Amino acid sequence: MSLKLKALLKSPWVFHLSTGSCNNCDIEILDCLTPRFDIERFGMLLAGSIKHADVLLVTGSCNRQSVIRLKRLYEQMPKPCLVVAVGECSLSRGMFIHSYNCPLPLDKIIPVDVYIPGCPPKPEAIIAGVVKLIEKVKKDKLSEKTKKAK
Amino acid sequence: MIYVLYFITYGFLLTVAIGLLTSWIDRKVTARVQYRVGPPILQPLIDIIKLLGKETLIPKGASKSTFLMAPVVGFASAILVSTILWVNNITSAHTYLGDLVVVIYLLTIPSISIIMGGFASRNPLASLGASREMKLILSYELPFVLAVLVPVIKSGFSLRLATILGYQLQNGAVATGLSGVLALIVAIFCIQAKLGLVPFDIPEAETEIVSGPLVEYSGPGLALYKLMKNMLLFILPFFLIIIFMGGLHFDAISIVKYVGLVALVTVIRNTNPRVRIDQAVRFFWGPMTFLAALAVALALTGR
């Protein structure tokens with residue numbers, strides 16, 4: 001694995017975007033920063049600006065107004081970057097699945113790397129999801145390497 | 001030729017290493033104050049490496065060359081000022097008259113580079129942050145220069161860092177006298193503002209204007225700014241130790257001096273709320289300038 005990606009996995013700075021959620025997932029994400037869970041142990045910080053971020057945490061059901069902003073933020077994020085969908089709403093629109101205002105789930109709009117289900121997911125689940133994300137990126141790179149070797 | 005050697009080894013490599021370590025101490029102490037575990041020791045270095053590998057985005061309509069040049073200017077001046085300080089700290093043979101003035105000017109340039117970058121990025125939040133940084137510079141420079149005057153007066157009106165160090169070697173540190181203590185207190189508050197740490201992190205106020213002048217920076221530009229700030233976290237306490245406490249040597253007392261100063265700065269940062277810009281200006285032009293002027297008066301009468 002390249003040094004670039006290794007460093008990225010060791011210090012993922014998180015930008016947190018709510019696309020019209022009920023704020024429960026957002027509160028659970030902020031819980032991860034509290035002394036009980038303390039994700040700074042893994043080098044994760046909440047970034048204020050999207051230009052500083054490596055991981056985009058999306059909560060909420062992607063309504064028509066926020067889809068435009070979501071796409072713009074995804075384009076503004078410096079690559080390489082990762083996207084994590086947090087909560088039932090951003091995974092499958094949850095209870096808003098028949099709503100006129102939520103036409104598409106998140107992964108039909110931008111590529112998503114990891115899904116964290118729950119309504120809202122517990123902080124433990126969010127941390128477990130991020131660990132899965134890190135393992136997935138490592139494995140992807142390894143499999144690419146073995147393909148090249150073959 | 002000797003300056004090139006100092007420039008590479010002490011000015012760049014050693015300062016960056018100590019700066020990153022200090023940044024880790026700062027984050028770890030902050031975490032412990034908040035009953036957290038805190039990041040691992042290599043975290044600041046990993047952050048810098050990661051940022052160097054990211055994409056550079058230039059905002060539409062920004063002044064491209066200024067936007068890209070600003071972090072380099074600040075970083076270069078940080079290396080230069082640390083070189084001058086190290087040369088003075090180690091040997092007095094290659095120093096020159098008036099380097100104190102040069103150091104004071106060079107310590108302002110990192111802030112000015114942040115202002116340049118903020119205004120060049122054509123973002124309303126960045127412009128707001130840059131204008132706040134400008135007001136902050138105007139407020140803290142006056143008490144800072146007054147405080148620096150005290151060691152100058154004590155050492156017989158010398159503008160040469162080596163002479164100030166030599167004076168302290170013979171007569172004890174400046175900070176042992178009453179005027180020295182007052183000036184040191186003022187200077188600690190001023191470096192708090194120069195470093196942009198919490199009571200005076202008004203330009204960067206994460207929770208109100210995102211991250212101020214740095215909001216549009218990504219990748220290597222941001223990495224240079226972060227590295228510059230980490231280096232300043234070493235350089236400014238180092239400067240205070242040179243002019244007030246008799247310089248750094250490679251022994252236990254020096255480590256206590258340095259770590260104590262950094263821990264003090266970190267504790268001030270963790271136990272205070274952010275002030276508004278008008279409160280900061282009032283604080284520096286009122287009580288701080290008064291204290292610094294008192295220290296200068298006491299120094300002139302020989303206390």
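This is a predicted model: local features need pLDDT of at least 70, side-chain atom pairs count only at pLDDT 80 or more; totals for chains, interfaces and linings use all residues.
Figure 1. Chain B has 11 helices and 0 strands. Read from the N terminus, its elements run α-α-α-α-α-α-α-α-α-α-α. The radius of gyration is 19 Å, close to the 19 Å given by the globule rule for 303 residues, so chain B is as compact as a globular protein of that length. Along the principal axes, the C-alpha atoms of chain B fill a box of roughly 55 × 45 × 40 Å. Of the 303 residues in chain B, 49% are buried.

**Figure 2. Helix H7 of chain B packs against helix H9 of chain B**. Two packed helices are described by the angle between their axes and by the distance between the axes. Here H7(B) covers residues 178-195 and H9(B) covers residues 220-245. The angle is about 165°, and the axes lie 11 Å apart. Angles over 145 degrees count as roughly antiparallel, so H7(B) is roughly antiparallel to H9(B). The crossing of H7(B) past H9(B) is right-handed. H7(B) brings Gly180(B), Leu184(B), Ala187(B), Ile191(B), Lys194(B) and Leu195(B) to the contact. They meet Leu232(B), Leu233(B), Leu236(B), Pro237(B), Leu240(B) and Phe244(B) of H9(B). By class, the contact of H7(B) with H9(B) has 10 nonpolar, 1 polar and 1 charged residues.

**Figure 3. Helix H6 of chain B has buried residues that pack against other helices**. H6(B) spans residues 161-171. Leu161(B), Ala162(B), Thr163(B), Ile164(B) and Gln168(B) are buried in this helix. The packing partners of the buried residues of H6(B) are helix H3 (64-90), helix H4 (99-120), helix H5 (124-154) and H9 of chain B. Just after H6(B) comes Gly172(B), with a positive phi of about 85°.

**Figure 4. Tyr35(B) has a positive phi in a loop of chain B**. The value is about 60°, although Tyr35(B) is not a glycine. The loop runs between helix H1 (2-33) and helix H2 (43-52) of chain B. Tyr35(B) has 10 C-beta neighbours inside 10 Å, so Tyr35(B) counts as exposed.

**Figure 5. Arg93(A) has a positive phi and is buried**. Its phi is about 75°, although Arg93(A) is not a glycine. Arg93(A) sits in the loop between helix H4 (88-92) and S5 of chain A. A residue is buried if it has 20 or more C-beta neighbours within 10 Å. Arg93(A) has 21 inside 10 Å, so Arg93(A) counts as buried.

**Figure 6. A cis peptide bond joins Cys119(A) and Pro120(A)**. Omega is about -10° at this bond. Pro120(A) is found in the loop between strand S5 (114-116) and helix H5 (123-149) of chain A.

**Figure 7. Chain A touches chain B**. The contact takes 18 residues from chain A and 25 residues from chain B. On the side of chain A that touches chain B, helix H1 (residues 3-10) of chain A gives the most, with 5 residues. By class, this side of chain A divides into 5 nonpolar, 6 polar and 7 charged residues.

Terms used: Residues are numbered from 1 along each chain as its sequence is written. Chains are lettered from A and ligands numbered from 1 in the order in which they are written. Two residues are in contact if their C-beta atoms, placed from the backbone, lie within 7 Å. Helices (H or I, at least four residues) and strands (E, at least two) are DSSP runs, numbered from the N terminus. Ala, Val, Leu, Ile, Met, Phe, Trp, Tyr, Cys and Pro count as nonpolar, Asp, Glu, Lys and Arg as charged, and the others, Gly among them, as polar. The radius of gyration is taken over C-alpha atoms; the globule rule is 2.2 Å times the number of residues to the power 0.38. A residue is buried if 20 or more other C-beta atoms lie within 10 Å of its own, exposed if 12 or fewer, and partly exposed in between; C-beta atoms are placed from the backbone. Axes are lines fitted to C-alpha atoms, for helices over the stretch in contact, and angles run from 0 to 180 degrees between N-to-C directions. Angles under 35 degrees count as roughly parallel, over 145 as roughly antiparallel, 65 to 115 as roughly perpendicular and the rest as oblique. A crossing is left-handed if the near helix is turned anticlockwise from the far one by less than a right angle, and right-handed if clockwise.
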